[in-house]
Amino acid sequence: MTESSYTDRLANLNGLIWELGQAYDKPVFEDTYVLSGLLSKFKLAFDLSWKLMKDVLIQRYGIVDWAKGSPREAIEQAAYNGIIEDDARWNEMRLVCNELSHNYNAEFALDCARRVLDDWIPFLQAFGKDINAKVDAWRAQEESSGQGGEEG
């Protein structure tokens with residue numbers, strides 16, 4: 001994998017987080033189609049987030065000795081390595097996303113939508129800002145070390 005894979009995934013995540021932020025202007029609780037769209041975008045944002053964590057761990061940190069197909073492992077490794085701080089909330093989202101994939105109960109969906117709007121969109125937005133800042137810092141560090149003409 002090249003660096004572009006995590007930067008491409010980050011660009012996709014940034015767009016999706018922006019789209020999730022538009023949900024506040026939509027009739028989420030009056031239109032089941034809008035509700036299902038919100039929940040689908042939330043699950044996709046979670047998937048992109050943990051896969052981004054995985055890519056960063058592999059590409060930036062060189063960590064390869066863990067179960068890479070596991071969101072739980074990626075979250076644990078990302079927290080351990082300082083990429084994220086609140087692994088408990090990430091694991092809570094992971095469990096809810098799993099439940100949403102198997103539960104077709106309308107009341108559960110409405111409860112999840114409330115949590116997505118109240119808690120998880122702002123949480124994902126904060127993650128987006130934080131990971132973008134980290135990527136920018138890594139790029140700046142690479143550019144400054146590359147300008148020195150030393151070993152590479």
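A crossing of two helices is called left-handed if the near helix is turned anticlockwise from the far one by less than a right angle, and right-handed if clockwise. With that in hand, welcome to a predicted model, in which local features need pLDDT of at least 70 and side-chain atom pairs count only at pLDDT 80 or more, while totals for chains, interfaces and linings use all residues. Residues are numbered from 1 along each chain as its sequence is written, and side-chain values use heavy atoms, with hydrogens and water left out.

**Overall build**
- The protein has five helices and zero strands, where helices (H or I, at least four residues) and strands (E, at least two) are DSSP runs numbered from the N terminus.
- Read from the N terminus, the order of elements is α-α-α-α-α.
- Along the principal axes, the C-alpha atoms fill a box of roughly 60 × 30 × 25 Å.

**Helix α2 by itself**
- Helix α2 covers residues 32-59, and its 28 residues should span 40 Å at 1.5 Å a residue, which agrees with end C-alpha atoms 40 Å apart; the expected span is 1.5 Å times one less than the number of residues.
- Where α2 starts, a side-chain oxygen of D31 comes to within 2.8 Å of the backbone nitrogen of Y33.

**How to read the packing**
- Two packed helices are described by the angle between their axes and the distance between the axes.
- Axes are lines fitted to C-alpha atoms, for helices over the stretch in contact, and angles run from 0 to 180 degrees between N-to-C directions.
- Angles under 35 degrees count as roughly parallel, over 145 as roughly antiparallel, 65 to 115 as roughly perpendicular and the rest as oblique.
- Contact means heavy atoms within 4.5 Å.
- For residue classes, Ala, Val, Leu, Ile, Met, Phe, Trp, Tyr, Cys and Pro count as nonpolar, Asp, Glu, Lys and Arg as charged, and the others, Gly among them, as polar.

**α2 with α3**
- The axes of α2 and α3 (residues 71-80) come within 9 Å and cross at roughly 55 degrees, so the two helices are oblique to each other.
- The crossing of α2 past α3 is left-handed.
- F46, W50, M53, K54 and L57 of α2 meet P71, A74, I75, Q77 and A78 of α3.
- By class, this contact of α2 with α3 has eight nonpolar residues, one polar and one charged.

**α2 with α4**
- α2 packs on α4 (residues 87-102) at about 130 degrees, with axes 10 Å apart, which makes the pair oblique.
- α2 also passes α4 in a left-handed crossing.
- On α2, the contact uses L39, F42, K43, F46, S49 and M53; on α4, it uses W90, M93, R94, C97, L100 and S101.
- Eight nonpolar, two polar and two charged residues form this contact of α2 with α4.

**α3 with α4**
- The angle between α3 and α4 is about 170 degrees and their axes are 10 Å apart, so they are roughly antiparallel.
- α3 passes α4 in a right-handed crossing.
- P71, R72, I75 and A79 of α3 touch D87, W90, N91 and R94 of α4.
- The contact of α3 with α4 comprises four nonpolar, one polar and three charged residues.

Methods
Polar contact = N/O pair within 3.5 Å; in protein donor to acceptor, adjacent residues only side chain to side chain.
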